[in-house]
Amino acid sequence: MKDTSGTEFPKTFNLPYQLGVYLAANAVSDSCAFMDGSNCVMPKIDFIAGNHDLYSTLLSPAGTHRVICNMAGPLPQKSNPEKALSGMLSGVAGSGLYSVIMVTGLPFQKLAGMDYEGIAAGIKGPVPVVDVPPSSLEGDWLDGYAGALDALARALPERKLKKRRRTVALAGYLLDRNEGDHKANIAELRRLLGLCGLELVCVFPSGGTFAELSRALEAEVVVSLPYGRKAAARLAQRSGAVLVETGLPLGLKGTAGWLKDICAAAGIKGGLPQAVKDLERQAAADIAPLLDAIAHLSLVYAGDPYLFSGLSAFTAELGMRLPLAIIDSFPKPLGTGKVPESLLFSPGTGEAAAAIAALSGYSRPALLAGNTFALTEGYSRGIAFLEIGFPSYSHHCLGPEPYFGFAGAATLAGRILNSVCGPMTELGKLG
Amino acid sequence: MESIVFFGKGGIGKSTIAASVTSLLAAGGKKVLHIGCDPKMDCTLSLMGRHIEPFAILGGSSGRPGLRDSIYQSPVRGVHCIEAGGPQPGVGCGGTAIGSMLDAMKDEALLEKDGYGAAVFDVLGDVVCGGFAAPLRRGFAKKMVIVTSEEILSLYAANRLIMMAANYARNGVYLAGLAVNLKDQTRLKTVEEFARAVNTRILGVMLQDPAVSSAEREHRPAAIAYPKSGFARRVWALTQEIRTARPPATPPRALPDPDFFAFAEGRRTAVPAGAPAGKGRKQAVRSAKALFSAAGFKPAGMEDSQIICDWKCGQSLYKVVIAPGSSAKGDMPRISDWAVCFHPTTPQEPPPPGGALMKAAGTLAGLRFDEMLSVFTGSRDFYGPLLNLSGPEDTTLAAPDTPRRPHMGFGQWQRFIFPAGLSQAYIPPGSVMVEHGDIECRFCSSESGILNMFNDNPGIKTPGKALNMPVLPRIDKRIVNTGFSSDDALFGDEKKVARSLEAAADKAGPGGLVEFYVGCSPIMLAGDTSSLAARVEREKGVKIMLERFNSFYEHGSAKGAVRVSYMAHKLSKAGAAKDRDVYLADSHDPTGVLDKLLAEHGISTVDRRKDFYREAASARLQVLSHPDTVLTPAFDKAGLKWIMPPQPYGFGGTHKWLGAIASALGRKKAPAGPSAAQKALAAGLWARASRYTAAFVLATEEIGLLSGSTALKMVPVLPVLAEAGFKVRLLLMTAEGRDGKAGKPGLPAEAAAQLRALKASLPGTHLSTDTFSKQEELARLLRADPPTRLVYSDIRRDPRVVSAGKYPFSTSLFEPGYDGALETWRRLLALCEWDFNERYLRN
């Protein structure tokens with residue numbers, strides 16, 4: 001009998017909502033994600049701590065984990081689970097261990113109608129408690145991350161901060177780990193904005209503390225990045241800042257365009273300063289020697305949609321083809337990136353592998369750029385692999401390794417070249 | 001904006017009154033959205049004159065675009081209607097549809113953006129879960145109106161709804177009052193007494209009126225259809241009362257069930273009307289701790305959701321119980337929304353001073369029970385007392401000896417050694433598993449990975465070994481996941497369950513075993529999964545084992561029996577010739593180290609590839625590495641011989657392992673020990689090992705973790721260390737330390753006996769002990785002893801060890817066999833002689 005169960009009940013290339021909430025908790029060093037559910041919520045931390053992020057502090061040998069749960073289950077029924085949760089949250093808020101607490105629950109608690117917003121608002125503790133909508137049945141990991149960032153934006157204290165001229169906050173940055181790639185990204189963006197006469201006062205979030213996030217309310221311009229549009233809009237609304245929606249500052253033209261948009265929003269006229277143009281030209285000069293080696297090669301992408309947008313534009317800049325993208329989320333707006341010939345959102349893993357295998361002839365990919373699961377699901381069989389995005393278990397950045405900005409463009413182009421032309425790849429092909 | 005929500009017992013006239021109120025609000029010039037929150041979808045019938053397509057159908061389950069498409073303009077001027085909708089009767093979850101619709105309304109800021117002047121929510125009769133209370137969430141209804149008659153069951157429902165109103169008061173919701181729809185005009189007094197008892201007011205009284213029936217037949221709101229009727233006059237007055245209602249000075253208070261029934265029977269209630277539930281609250285909240293202290297109460301913890309206090313009265317100390325009113329026993333004196341009494345263990349001779357207790361407790365009358373809980377906050381140990389609120393069955397979370405992985409224990413100091421064995425569980429080969437759960441449920445277990453916190457698996461990353469890392473959850477020919485979705489929640493999951501079970505049964509084949517696990521979300525739906533399983537079992541000729549929760553890693557007795565029976569049957573039917581000596585039945589070592597070792601000693605092994613049953617049946621002897629409650633009885637039942645020899649670690653252990661296997665196979669000649677070259681290499685390593693000490697940190701009652709068949713993931717760590725001449729040091733945490741209290745460290749008698757037994761099992765080994773009661777003492781002990789270079793910890797790069805300049809080690813460094821023993825000792829010595837931590841990371 002033909003086994004059709006794989007088509008009706010497929011394994012999908014997607015990640016759960018709560019993993020996004022954990023990523024947000026991981027990105028704010030003194031935050032706590034409180035999960036209303038049983039301890040089966042905890043192993044998801046392993047997708048981040050230690051495997052993707054070597055410097056994660058979500059778990060602690062002292063027991064002061066930053067993701068915690070209350071062992072709530074659907075059975076036995078409690079007479080008033082909301083009261084129990086309120087009590088526990090009051091305790092956590094008063095523990096002195098955390099500066100902000102995000103509470104959310106497993107899907108069954110949503111079915112039970114748990115009023116997290118009301119419960120969170122009712123906690124009168126020394127630190128804010130804020131709800132993240134329990135949308136696991138409707139959303140994916142990027143929705144979870146965006147929901148948590150919005151919750152953090154709501155949790156910022158009601159303080160009147162005086163906006164300063166020529167200041168910028170980046171809201172909706174995906175800080176999925178506390179490693180050198182993101183540190184270098186932020187340093188690069190700070191440098192570039194500085195050359196434009198703009199001070200980067202806050203990256204929301206940047207791996208720092210909850211208190212540091214408040215500085216987003218000082219900014220004259222809030223830059224809305226795709227991973228947290230709602231949070232960005234809320235921050236701008238709260239502070240009265242100018243809101244500018246952008247994609248990711250990836251690649252040469254991508255970075256230059258990104259800077260232009262921000263400068264325009266900040267009221268800076270006359271185009272980008274010469275120093276920035278010089279950096280762009282220098283990065284282009286750094287990349288130029290690689291172009292002959294990688295131009296016209298075909299690349300398949302497997303990972304998050306927003307990184308895809310930036311990467312597709314950059315690979316087009318490098319002269320590469322991108323016939324297929326496999327996206328690990330539900331459909332999302334892709335912005336201005338180059339749309340590939342074939343685009344699969346949250347496909348079955350078998351369907352995705354078949355789509356890659358179907359690329360033949362001149363479309364046969366020379367490189368698969370994607371996250372770890374692209375590798376573990378066997379998408380890269382016989383194809384050079386560039387590990388990028390969340391998660392990346394076998395590519396860690398102990399030192400600076402940006403992929404944003406002009407410095408990031410050169411670094412990323414170098415990684416592409418090394419992946420395509422590296423000796424291991426050649427040996428693998430021979431084998 | 002006016003926002004009103006109507007609740008009340010089913011069939012009491014809620015929709016009739018709500019629709020008329022809506023039409024009168026609109027007649028007063030407001031743009032009104034009438035929101036039907038009843039899966040029956042009949043709330044808007046009179047306003048629309050017909051059924052309308054609900055939000056659940058038009059976009060409720062899959063996204064937001066359907067929201068405005070679901071709003072209909074009523075023939076009644078100024079009125080718009082929307083119905084949440086929901087599943088067919090008896091399936092799915094009606095609350096989900098309401099919650100989804102309100103989420104969409106909130107996301108869209110519908111009421112504000114579309115300029116509504118009033119919103120009227122009409123919620124189904126019997127509020128059965130939080131989903132139906134969704135209109136009381138922040139940003140929606142402000143005024144709650146309970147429709148009731150004078151009948152006792154209707155008042156009982158009203159009383160329960162008042163409880164709900166109190167719960168949602170945090171969102172700014174208040175009970176405006178009661179709308180009375182009298183069945184018997186002579187019994188209004190009953191409702192009036194009830195209103196007094198619960199501290200609320202009557203907003204209006206409706207009487208039986210033929211205009212209502214006529215309007216219902218015409219599908220029109222009675223107040224509009226028959227404007228001169230008595231009903232219209234009364235509902236107009238009700239509407240005015242609702243419009244002008246303001247939050248009450250003291251909130252209503254539901255009667256505890258015993259008091260309600262006393263009221264219903266005409267007896268006096270235990271709670272006097274107007275009891276001081278809210279008196280002095282603001283001040284009281286700020287100073288709950290101070291009030292407790294002033295009254296002589298010292299909170300000691302929680303028991304079964306009740307606060308336990310020590311109470312000093314004169315020279316005597318009593319234990320007292322403060323219970324929430326809703327769960328207090330009938331004879332407990334009530335104060336505010338809680339009750340107080342002496343703890344059941346209190347001696348009755350001499351009689352405890354009840355009067356004095358009431359007087360002291362009376363000084364806390366300004367506190368509500370929830371506010372009292374704040375006495376437990378502000379402590380780092382928030383789990384300890386407050387987890388009891390969830391009930392005693394959940395206290396394992398905070399218990400000191402249960403976590404098997406670090407993230408399973410919270411708010412507590414983590415142990416250094418985690419018990420072994422549980423992660424070795426499996427579902428029987430050849431069986432098929434159906435996970436009926438949502439995406440979060442699918443990701444509820446993961447591989448630890450090579451760099452994460454917990455050292456889960458023996459053996460470091462060695463060429464040829466599989467790399468452990470969290471991956472996308474498996475779905476393959478043996479696992480079916482239903483991917484429970486919001487559509488399943490809304491419309492029911494029966495069809496999907498049936499299809500998944502049929503698919504699994506087809507994979508398992510006739511006579512096969514399907515393990516069917518129902519996760520938390522489907523449990524909430526309470527679908528009839530067992531009937532479906534029984535049908536598929538019957539039709540497909542398979543055994544389906546239904547389990548709640550994803551408990552596949554547990555071998556409970558009933559489940560174990562099914563698994564044993566299935567495996568024994570498959571083993572018996574495998575029909576393979578016994579042409580090999582040994583099957584390493586539970587080995588997960590793809591490098592085949594043990595197979596090679598056995599081959600070197602003339603013992604053949606079965607190549608482990610894919611057919612467990614054929615492979616096992618083709619061996620004369622099954623060799624197990626750890627106790628298994630399924631495999632061993634299955635082997636017994638199938639008549640297969642098995643042994644569980646000492647583990648092959650170290651020279652001594654390896655020799656014993658080989659010897660036990662050879663003996664079980666009837667070989668007369670004992671296998672040879674390590675070669676001369678191996679012995680020479682070992683001698684060089686052992687000479688260095690005697691300079692160093694390996695430490696183990698554990699609680700006194702955990703000494704047993706160091707020995708026995710399940711010790712340290714079945715790896716005989718201490719004997720291997722002892723064989724090489726390492727000194728061993730035990731750092732024992734006393735109970736005082738674990739409880740966080742200061743005290744003189746000591747060793748309990750039982751622990752001392754265990755220690756003596758451990759020493760006896762390691763003759764010739766230098767084994768010393770120290771005790772500590774605080775973490776700071778442990779840090780000092782670790783730093784103070786330079787020869788101690790190694791500290792066992794199952795937490796990778798344990799900061800408590802690293803910060804002392806030492807090296808954490810665990811079973812992950814231990815390799816089996818003679819060559820494996822040499823490699824193990826080499827690794828341990830390399831750590832001892834490595835100065836990275838001492839030089840750079842020591843605090």
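Helices here are DSSP runs of H or I with at least four residues, strands are DSSP runs of E with at least two, and both are numbered from the N terminus. By that count, chain A has 16 helices and 13 strands.

Before going on, a word on what you are looking at. This is a predicted model, in which local features need pLDDT of at least 70, side-chain atom pairs count only at pLDDT 80 or more, and totals for chains, interfaces and linings use all residues. Residues are numbered from 1 along each chain as its sequence is written, while chains are lettered from A and ligands numbered from 1 in the order in which they are written.

Chain A as a whole, then. Its C-alpha trace spans about 70 × 65 × 35 Å along the principal axes. The radius of gyration, taken over C-alpha atoms, is compared with a globule rule of 2.2 Å times the number of residues to the power 0.38. For 431 residues a compact globule would come out near 22 Å, and chain A has 22 Å, so the two agree. I call a residue buried if 20 or more other C-beta atoms lie within 10 Å of its own, exposed if 12 or fewer, and partly exposed in between, with C-beta atoms placed from the backbone. Buried residues make up 63% of the 431 in chain A. Two residues are in contact if those C-beta atoms lie within 7 Å. Of the chain A contacts between residues at least 6 apart in sequence, 71% join residues at least 24 apart.

Now one strand of chain A, β5(A), residues 167-171. Five of its five residues are buried, so β5(A) is largely enclosed by the rest of the structure. A:T167, A:A169 and A:A171 lie on one side, and A:V168 and A:L170 on the other.

Which strands does it pair with? Two strands pair if DSSP finds at least two bridges between them. β5(A) runs parallel to β6(A), residues 199-204, over five bridges, with A:A171 bridged to A:F204. The chain gets from β5(A) to β6(A) through helix α7 of chain A, residues 180-195, in a right-handed β-α-β crossover. Right-handed means that, with the strands pointing away from the viewer, the path from the first strand over the helix to the second runs clockwise. β5(A) also pairs in the parallel sense with β7(A), residues 221-224, over four bridges, and there A:L170 stands opposite A:V223.

Over to chain B. Here β18, β19 and β20 form an open sheet in that order, with parallel pairing. The edge strands are β18(B), 580-584, and β20(B), 642-643, each pairing on one side only. β18(B) is joined to β19(B), residues 619-623, by four bridges, and B:V582 faces B:L621.

Two helices of chain B to finish. In α24(B), residues 593-600, the buried residues are B:L594, B:L597 and B:L598. They cover an arc of only 95° around the axis, which puts them on the same side of α24(B); the arc is that of the directions from the helix axis to the C-beta atoms. Their cover includes β18(B) and α34(B), 817-832. After α24(B) comes B:G602, with a positive phi near 75°.

In α23(B), residues 557-573, the buried residues include B:R563, B:Y566 and B:K570. The buried residues of α23(B) pack against β16, 513-518, β17, 543-548, α25, 612-617, and α26, 631-638, of chain B. After α23(B) comes B:G575, whose phi is also positive, near 65°.
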